Amino acid sequence: LQPLSDIHFNEKYGAIENPAASKTTLYYLMAIAAFLLLLACINFINLTTAQSSQRAKEIGIRKTMGGTRFQLIGQFLSETFLVTLLAVVISIGLVPVILNLFAEFISKDIKTALLFQPGPLTFIVLLVLVVTLISGFYPAMVLSKYKPVSVLKNEINATIGKSRNAWFRKSLTVTQFIVAQFFIMETVLVSKQLHYALNKNLGYKKDAIVFVVTPFFNHNSFSLKQVFFNKLKAIPQIALVSQGEFPPSSGGMRGSDIRYLDGKKEVTTRVDMKFIDENYIYVYQIKLLAGRNLAISDTNKRTIINETFANTLGFKNPNDAVGKVVDLDQQKMQIVGVTGDFYQQSLHDKIKPLAMIYHSSTFNNNIFHLALKPQTAEGDEWKTAIASVAKVWKQVYPDDDFDYQFYDDSIAKFYESDQHTSKLLGWSTGLAVLISCLGLMGLVIYNANLRVKEIGIRKVLGASARQIVVLLSTELVWLVIIAFVIVTPLAWWAMHKWMQNFADRTSISWWIFAFSGAGMLLTTLFTLSFQTIKAAISNPVKSLRSE
């Protein structure tokens, strides 16, 4: 029994809704959204406080005219609320576009109209209020505490100067770069693991192989399949045809308990089972380590096993397993050969004990595996072969639709979820870096405005533009370095946890962290250059002139 409420997210059964929605992907989306929203709030704080001097006189006049600090806080929060509300309205308008961009990640049944149901509407209202408070409260407190006397005497920069090294603002900037570098590191690792998975030697050939599934319920007769098999063999572009069940790596698998008794030693283990014919290991070029291949006369009395199964039975040398008899479902079965290990599923799962048996009924021989001949320079042979297979299909199964799949494409589908994660992280990384650079720009503007007279005096005393640029950039570059030091162990831990999803995985290389740190540093210097160079080449007369 399965609860109805469990069907949508439960990937285990998949009979009602296939494929089931992924909770993991949903959590990724939620976490990334939260991080990006946090970055945006930090950005708003930095940019607002960076431009605080431009509103200093307005605040001084309002206070002189009798405005209270509470009223000023209310005013600034109201402004933040309007900005947030406008952003939400625009984002709701962009929802159809966003849904198309993320069509691979989420269910097709999610429509814009769902936003206007009570639950999502309540969430949007709460989101506006929370974002307003997070991003608007600190700037409102800072701006509202200016003293009107200092403001109206143009002493506001001196007041602000006391907080030039305020750790709060620097901490916000460091937080931004922690998130941005975290995304970069995770994106690089996921891409590295996907490349490893898609290019690893899986123990069999996967290129230039097509498999076709014949109707299971209709026309499921041995004679029709034999006709189909013979016609496929006659197609010139097909090198070899195998008939049986699942390909080497597949989502489908049968299993059984096998017992082996050798004198006083008894081994009982769970094994995967594949039903194949004599051509199967040649189509997929699976290496035979010991013994012989299956023959048509073997039926279900003999089996070939993989190396892992032989090791499980206690045989270090594959040749020692040949000739031994195992008990499969109370039926004696002799081991006639041992193959090299190959992955029965994706790299998420480890290689398991496997027994391959010659197919003996119409219920375990309905998949045809076709090894295609190499293409010539023109490259039309495979296309011609598929057209010929479709023609044969219509002759044998005229009432059923023809469908086929290249095996390497089916292997790639094992990692669809990981590829979605990679794309998602790519989008998030771009946004996080962009937002962080905007926040950094705000901090540069803040520092430049704060130190405008200092810069003017240094230039008058002979400082070059390069020295001014170094002066303004050094402190901010150190913030990026501090963020790198903090994020590296956090990113390594997150990478390590994610990699536990793979039984066979690539290494977490040092260059992932070096690449992220160097990339973020170069991006930072590029962002800093615009404002720091502008401040360095400004005329010192303007900054030092007294009104």
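Biologist: Which residues does Gln75 touch, not counting residues up to four places away in sequence?

Modeller: Contact means that heavy atoms lie within 4.5 Å of each other, and by that rule Gln75 touches Arg55, Glu58 and Arg62 once residues up to four places away in sequence are set aside. Before we go on, please keep in mind that this is a predicted model, in which local features need pLDDT of at least 70 and side-chain atom pairs count only at pLDDT 80 or more, while totals for chains, interfaces and linings use all residues. Residues are numbered from 1 along each chain as its sequence is written, and side-chain values use heavy atoms, with hydrogens and water left out.

Biologist: Where is Gln75 found, and is Gln75 buried or exposed?

Modeller: Gln75 is found in helix α3, where helices (H or I, at least four residues) and strands (E, at least two) are DSSP runs numbered from the N terminus. Buried means under 20% relative accessible area, exposed means over 50%, and partly exposed is in between, using a 1.4 Å probe and protein chains only. Gln75 counts as buried because its relative accessible area is 18%.

Biologist: Which residues of helix α2 are buried?

Modeller: An α-helix has 3.6 residues a turn, so residues three or four places apart point the same way. In helix α2, which covers residues 56-64, the buried residues are Ala56, Ile59 and Gly60. They lie on the same side of α2, because they cover an arc of only 100 degrees around the axis, the arc being that of the directions from the helix axis to the C-beta atoms. After α2 comes Gly66, whose phi is positive, near 110 degrees.

Biologist: Which residues does Ile42 touch, not counting residues up to four places away in sequence?

Modeller: Ile42, which is found in helix α1 (residues 23-50), touches Leu172, Thr175 and Gln176 on that count. Ile42 and Thr173 are 131 residues apart in sequence, yet 7.6 Å apart in space, C-alpha to C-alpha. With 4% relative accessibility, Ile42 counts as buried.

Biologist: Which residues touch the most other members of the largest nonpolar core?

Modeller: In soluble globular proteins, nonpolar side chains tend to be buried together. A nonpolar core is a set of buried Ala, Val, Leu, Ile, Met, Phe, Trp, Tyr and Cys residues joined through side-chain atoms within 4.5 Å. Here the largest such core has 67 residues, and Tyr204 and Tyr284 touch the most other members. Helix α7 (residues 167-199) supplies the largest share of this core, 13 residues. Beyond its neighbours within four places in sequence, Tyr284 is in contact with Tyr204, Lys205, Ile209, Pro247, Pro248, His369 and Tyr407. There is also a second, separate core of 20 residues, which includes Ala290, Ile305, Phe315 and Leu328.

Biologist: How many salt bridges does the count come to?

Modeller: Side chains of opposite charge can pair when their charged atoms come close. A salt bridge is a side-chain nitrogen of Lys or Arg within 4 Å of a carboxyl oxygen of Asp or Glu, and the count by this rule comes to four. In one of them, the side chains of Arg270 and Asp257 meet at 3.6 Å, N to O. Arg270 lies in strand β4 (residues 265-276) and Asp257 in strand β3 (residues 254-262), so this pair ties together parts that are 13 residues apart in sequence. Arg270 counts as exposed at 51% relative accessibility, whereas Asp257, at 42%, counts as partly exposed.

Biologist: Which residues are linked in a network of salt bridges?

Modeller: The network links Arg259, Glu266 and Asp327. Glu266 pairs with Arg259, the closest N and O atoms being 3.8 Å apart, and Arg259 also forms a salt bridge with Asp327, where that separation is 3.5 Å. Asp327 counts as buried at 14% relative accessibility, while Arg259 counts as partly exposed at 31%.
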